[in-house]
Amino acid sequence: MKKRRLVVLVAALFVSTIIGGCGKSKQVMQLIDKAHAEYESADYMSAVSDYTEALELTNDKKDIYRELGITYIELEMYPKAIEAFTESLHAGNGFIKAVDYDINLYLAKAYSLNGEFEKAVTIYDAVIEMKPKLLETYYERGLAYLNLGNKTGAIEDFAKVTASDPKNIDKYLDIYFAIEDAGFSDDARTYLQATLDNAPASTSDYDKGRMCYYLNDYSNARVYLEKAKDMSKPDTILMLGKTYEAINDYSYASSLYNEYLSEKGNNAGVYSQLGKCRMYLEDYEAALLAYSSGLKLDDPNWNQVLLYNEAVAYEYMLDFKTAYTKMKDYLEKYPKDENAQRELIFLASRY
């Protein structure tokens with residue numbers, strides 16, 4: 001979740017700074033445009049190379065260092081990202097502009113991703129002092145506080161965020177997951193239960209159902225989600241299907257997913273869950289068909305899960321050679337997956 005939220009923010013901010021080319025030569029602008037295209041296609045190393053070359057050809061470096069830092073974050077090269085954002089701030093003329101707040105927030109994010117949470121909090125403090133209405137800063141500082149074990153400070157910051165939009169259940173769930181990810185499972189559950197208990201009367205059955213689902217109250221989750229059932233909304237179908245999966249009713253969950261796919265067409269997430277259910281039902285060929293159908297959609301939010309599970313489906317079909325090839329292809333795209341590394345070793349011994 002965190003990664004996806006960051007990428008969305010990056011995409012929104014790229015356009016605002018790349019377009020402006022005052023003080024940059026045509027060659028520099030061509031390099032920036034090329035790097036931008038490479039970033040969009042996830043060719044991050046090439047983007048780094050082109051941004052670096054552009055920096056050597058111009059004195060107007062602020063925006064380029066910023067984009068370079070964002071690219072280093074995607075590469076998980078956080079010290080390099082910190083260096084780039086710092087250089088971007090130093091490249092200013094001494095006057096604080098709107099983009100400087102943005103750069104500082106990215107710098108703080110890079111510090112957090114690098115495990116330097118105290119430095120991140122220091123930056124968030126400074127931004128909040130200057131821009132107290134910038135609510136996303138409170139959220140990010142809350143995340144840093146969690147990692148420092150400061151639950152009280154985190155909850156206070158999160159409360160500022162939710163107070164501005166108390167009907168936004170997505171934000172409450174983001175906070176719930178953040179608290180849980182930080183290792184405070186009991187606190188996370190207490191937080192979500194309080195959110196459900198105090199939810200406005202206008203809260204939808206879908207939102208009540210998914211809160212119940214994450215609280216492991218599958219009985220009430222099923223009641224709410226059945227009321228909310230809408231074949232035009234994949235998120236609703238996915239959550240209802242997952243609820244039936246949680247009570248081991250894989251056949252009904254499969255029927256929900258199939259109904260959605262037949263009525264509304266392709267959706268990679270629905271194909272992924274359908275494949276999972278078919279695996280539980282030991283219908284491996286149907287699972288494989290679901291995974292391969294999902295992969296054809298090339299959805300970046302689901303490709304990794306689908307690729308991995310496709311290899312596993314071949315393994316369960318005892319086609320170890322194909323499973324090995326698929327897992328090897330998977331690791332070329334996702335080399336840091338330790339489970340897949342171990343799986344590859346196992347598969348290599350079976351054919």
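This passage describes the fold, the confidence and selected side-chain arrangements of a predicted model. Residues are numbered from 1 along each chain as its sequence is written, and side-chain values use heavy atoms, with hydrogens and water left out. Because the model is predicted, local features need pLDDT of at least 70 and side-chain atom pairs count only at pLDDT 80 or more, while totals for chains, interfaces and linings use all residues.

The chain averages a pLDDT of 90, pLDDT being the predictor's confidence in each residue, from 0 to 100. Of the residues, 93% score at least 70. Over residues 1-21 the pLDDT is below 50, and this stretch has 39 contacts in the model beyond near neighbours in sequence (contact means heavy atoms within 4.5 Å). Where pLDDT is low, the predicted coordinates should not be read in detail.

The chain contains 20 helices and zero strands; helices (H or I, at least four residues) and strands (E, at least two) are DSSP runs, numbered from the N terminus. Along the principal axes, the C-alpha atoms fill a box of roughly 65 × 55 × 35 Å. Buried residues account for 45% of the 351 residues, where buried means under 20% relative accessible area, exposed over 50% and partly exposed in between (1.4 Å probe, protein chains only). Among contacts between residues at least 6 apart in sequence, 47% join residues at least 24 apart.

Alanine 268 is buried, with a relative accessible area of 3%, and asparagine 303 is buried at 11%. Not counting residues up to four places away in sequence, alanine 268 touches Gly294, Leu297, Asp299, Trp302 and Leu306. With its neighbours within four places likewise left aside, asparagine 303 is in contact with Leu295, Asp298 and Tyr334.

Aromatic side chains come next. A search of the whole structure finds 14 aromatic pairs (rings of Phe, Tyr and Trp, the last by its six-membered ring, pair if their centres lie within 6.5 Å; planes under 30 degrees apart count as stacked, over 60 as edge-to-face and the rest as tilted). The rings of tyrosine 172 and tyrosine 191 have centres 6.4 Å apart and planes at 40 degrees, so this pair is tilted. Tyrosine 172 lies in helix H10 (residues 169-181) and tyrosine 191 in helix H11 (residues 185-197), so the pair ties together parts that are 19 residues apart in sequence. Elsewhere in the listing, ring pairs link Tyr176, Phe177, Tyr213, Tyr214 and Tyr218 into a cluster. Lysine 171 lies over the face of tyrosine 139, at 4.3 Å from the ring centre (a charge sits over a ring if NZ of Lys or CZ of Arg is within 6 Å of the ring centre and within 35 degrees of the ring normal).

Finally, the structure holds zero disulfides, a disulfide being a pair of cysteine sulfur atoms within 2.5 Å. Cysteine 212 is buried, with a relative accessible area of 2%, and cysteine 277 is buried at 0%.
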